[in-house]
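This note records points on the fold for a colleague who will work from the coordinates. Please read it alongside the structure shown below.

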Amino acid sequence: MTEQLLLNEEQRDCLQELSNVAMGQAASLLARLLDVFVELPIPKVNVIEITDLHMALQALDGEERSSAVCQGFAGNGVTGEAMLIFNDSSFEDIAALMAYTGQQSDDIEIELLMDVANILIGAFIRKFSEQVDLNFSQGHPTVLGQHQPIRDLLKPTNHSWHKTLSIEISYNIENHNVHCDLLVLFTEESLPVLWKKIQYLLD
């Protein structure tokens with residue numbers, strides 16, 4: 001790993017703090033919309049091989065079925081993807097919280113996934129980019145897959161990069177069976193720009 005791709009403790013702490021603020025804003029939007037309390041952990045920040053991506057989601061059982069949406073973003077020399085990975089067992093409760101009626105189906109679950117992704121991904125990317133003084137434009141969200149093990153949703157063939165800066169945030173809704181993970185990935189080419197921005201904040 002070249003020096004430009006290494007993540008020192010100061011950079012990790014700064015990225016965790018930036019992520020904390022961004023995920024807090026995203027969770028606050030979701031909490032107000034659903035009138036619930038959203039539990040937040042400390043974000044996990046690492047530079048990892050793209051082939052190890054599925055291992056970044058240690059909180060999820062690798063065999064448990066999940067569904068996922070992916071949305072790209074880019075701007076000022078930084079590119080990446082944000083993925084929202086929804087545990088399949090969460091759909092019943094999230095449908096009730098969002099007042100969806102009728103029989104649950106794959107189409108309804110995609111609609112729910114897109115609604116939550118629009119809130120969590122949009123708010124996180126806006127607040128994160130604002131803090132590092134970058135402007136990101138966001139692509140259209142796409143469905144990565146439904147009812148698959150995490151390792152299949154995150155298989156390396158879905159990416160052309162070798163290494164990535166990974167920020168993982170697990171969201172749980174208190175007193176409801178709703179769990180999802182937001183995984184924000186930056187390409188290795190983006191890291192020199194991000195390190196420069198972070199160094200500016202640290203100085």
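This is a predicted model: local features need pLDDT of at least 70, side-chain atom pairs count only at pLDDT 80 or more; totals for chains, interfaces and linings use all residues.

1. Strand β4 and its neighbours. Strand β4 covers residues 78-87, and nine of its ten residues are buried, so the strand is largely enclosed by the rest of the structure. Strand β3 (residues 65-75) runs antiparallel to β4 and is joined to it by ten bridges. Within this pair, G75 is placed opposite V78 of β4. β4 also pairs with strand β8 (residues 178-187), again in the antiparallel sense, through seven bridges. There, I85 has D181 of β8 as its bridge partner.

2. The hairpin of β3 and β4. Two residues separate the strands of this hairpin, and N76 adopts a positive phi near 55° in it. N76 is not a glycine, despite that positive phi of about 55°. N76 sits in the loop between β3 and β4.

3. Is A99 buried or exposed? With a relative accessibility of 60%, A99 counts as exposed.

4. Strand β7 and its pairings. Strand β7 (residues 163-173) is mostly covered, with ten of its eleven residues buried. Strand β1 (residues 38-39) runs antiparallel to β7 and is joined to it by two bridges; E39 stands opposite N172 of β7. Strand β2 (residues 44-49) pairs with β7 in the antiparallel sense over six bridges, and E49 faces K163 of β7. β7 also pairs with β8, in the antiparallel sense, over ten bridges, where S166 has L185 as its bridge partner in β8. β7 and β8 form a hairpin with four residues between the strands, and N175 in the turn has a positive phi of about 65°.

5. Nonpolar cores. In soluble globular proteins, nonpolar side chains tend to be buried together. Which residues touch the most other members of the largest nonpolar core? Among its 54 residues, they are L84, I94, F124, F128, Y171 and F186. Helix α4 gives the most to this core, contributing twelve residues. Leaving aside residues up to four places away in sequence, F128 touches L15, L18, S19, A22, F136, I167, F186 and L194.

6. Contact of α1 with α6. Helix α1 (residues 9-34) and helix α6 (residues 191-202) pack at an angle of about 90°, and their axes are 10 Å apart. Because angles of 65 to 115 degrees count as roughly perpendicular, α1 is roughly perpendicular to α6. On the α1 side the contact involves E10, Q11, C14, L15 and L18, which meet W195, I198, L201 and L202 in α6. By class, the residues of this contact comprise seven nonpolar, one polar and one charged. L15 and L18, named here in α1, are also among the residues that F128 touches.

How values were computed. Residues are numbered from 1 along each chain as its sequence is written. Side-chain values use heavy atoms; hydrogens and water are left out. Axes are lines fitted to C-alpha atoms, for helices over the stretch in contact, and angles run from 0 to 180 degrees between N-to-C directions. Angles under 35 degrees count as roughly parallel, over 145 as roughly antiparallel, 65 to 115 as roughly perpendicular and the rest as oblique. Contact means heavy atoms within 4.5 Å. Ala, Val, Leu, Ile, Met, Phe, Trp, Tyr, Cys and Pro count as nonpolar, Asp, Glu, Lys and Arg as charged, and the others, Gly among them, as polar. Buried means under 20% relative accessible area, exposed over 50%, partly exposed in between (1.4 Å probe, protein chains only). Two strands pair if DSSP finds at least two bridges between them. A nonpolar core is a set of buried Ala, Val, Leu, Ile, Met, Phe, Trp, Tyr and Cys residues joined through side-chain atoms within 4.5 Å.
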